[in-house]
Amino acid sequence: MTAAALPEGDAGVLELHMDGSEEGAVLAAIDAAFDTPAMLVARGPIVVPALFVSDMDSTMIGQECIDELADYAGIKPQIAEITERAMQGELDFEAALRERVALLAGLDEGAIHTCLAERITAAPGAKTLVATLVAMGTRTVLVTGGFHHFADPVAEMLGFHRVVGNRLAVEGGKLTGGLVGPITDSAVKAAVLREELGGLGEGAHSLATGDGANDIPMIEAATYGFAYRAKPKARAAANGRVDSQDLTAVLTLLGVPRTDWREY
């Protein structure tokens, strides 16, 4: 088992090699002994993964898109409260999603484009993380319980190869309050990771990042499952953690030298 952690102040990487320990116990021991902004525990050597699958909201971007969109309808606090409870794992994801979308019925579709331009920004280090992994041959997939209206332009901005998400129903230029097609939920997120990994050959390693309860199956299915500034349940399920803001910590923990980073 290999453990890597960024010491306090990000001053290099502390590496530990252990036998016979569970990832959770090792993470707890590192937590207790060090003030670490990021850490990773894995079985076997840590290598650059062949696949990277990530959540979008509050992971690859710094916002929850539906909360920001709700602000244009004047109901952000109401929707944000539901979002928070869903991400904490207190509500059924699909039911909470449909409830929030229904509250947006009648909102002009143009508000989405305005929201994208005015509110949505990449998380610190997200562009460098994706671009560096792509340059090293990693397949990248953005999989979100959010919406293609946001995810498609975000994926283009960050350089993801594929997008999986939900579709808002629109009629006459306004949101109907419904969704089109099947729901992308926690099970779908994990299924996408397994599907993509199956096409990359035996022994391929995978990386996943997410922050909420909806990401737990995907995080658990990945070789390196990172909880990024995550809710407690997601953090507990992960074998990698980034508690600081900068996602380039993942590159450091994977052993990618800074000279190989694609800087932004």
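Is N239 buried or exposed? Hi everyone, let's start there. N239 is buried, at a relative accessible area of 10%; buried here means under 20%, exposed means over 50%, and partly exposed is in between, using a 1.4 Å probe and protein chains only.

A quick word on the model. It is a predicted one, where local features need pLDDT of at least 70 and side-chain atom pairs count only at pLDDT 80 or more, while totals for chains, interfaces and linings use all residues. Residues are numbered from 1 along each chain as its sequence is written, and side-chain values use heavy atoms, with hydrogens and water left out.

Back to N239. You'll find N239 in the loop between helix 10 and strand 10 (240-242); helices (H or I, at least four residues) and strands (E, at least two) are DSSP runs numbered from the N terminus. Leaving out residues up to four places away in sequence, N239 touches E23, L27, M39, L40, V41, A42, T223, Y224 and G225, where contact means heavy atoms within 4.5 Å. Two of these neighbours meet its side chain through backbone atoms. A polar atom of the N239 side chain lies 3.0 Å from the backbone oxygen of T223, and one lies 2.7 Å from the backbone nitrogen of G225.

Next, two residues with a backbone angle to look at. Most residues other than glycine have a negative phi. S58, not a glycine, has a positive phi of about 60°. S58 sits in the loop between strand 4 (51-54) and helix 2 (65-72), and it is partly exposed at 22% relative accessibility. R229 also has a positive phi, near 45°. Its place is the loop between strand 9 (224-228) and helix 10 (232-237), and R229 is partly exposed too, with a relative accessible area of 43%.

Now, which residues touch the most other members of the largest nonpolar core? They are M60, L69, L104, F150 and L254, in a core of 60 residues. By nonpolar core I mean a set of buried Ala, Val, Leu, Ile, Met, Phe, Trp, Tyr and Cys residues joined through side-chain atoms within 4.5 Å. Helix 7 (residues 148-158) supplies the largest share of this core, five residues. Take L104 on your screen: beyond its neighbours within four places in sequence, L104 is in contact with I66, L69, A70, A73, I75, I79 and L175. Apart from this core lies another, of 10 residues, including V141, V143, L193 and M218.

Terms used
A polar contact is a pair of N or O atoms within 3.5 Å; within protein, one must be able to donate a hydrogen and the other to accept it, and residues adjacent in sequence count only if both atoms are side-chain atoms.
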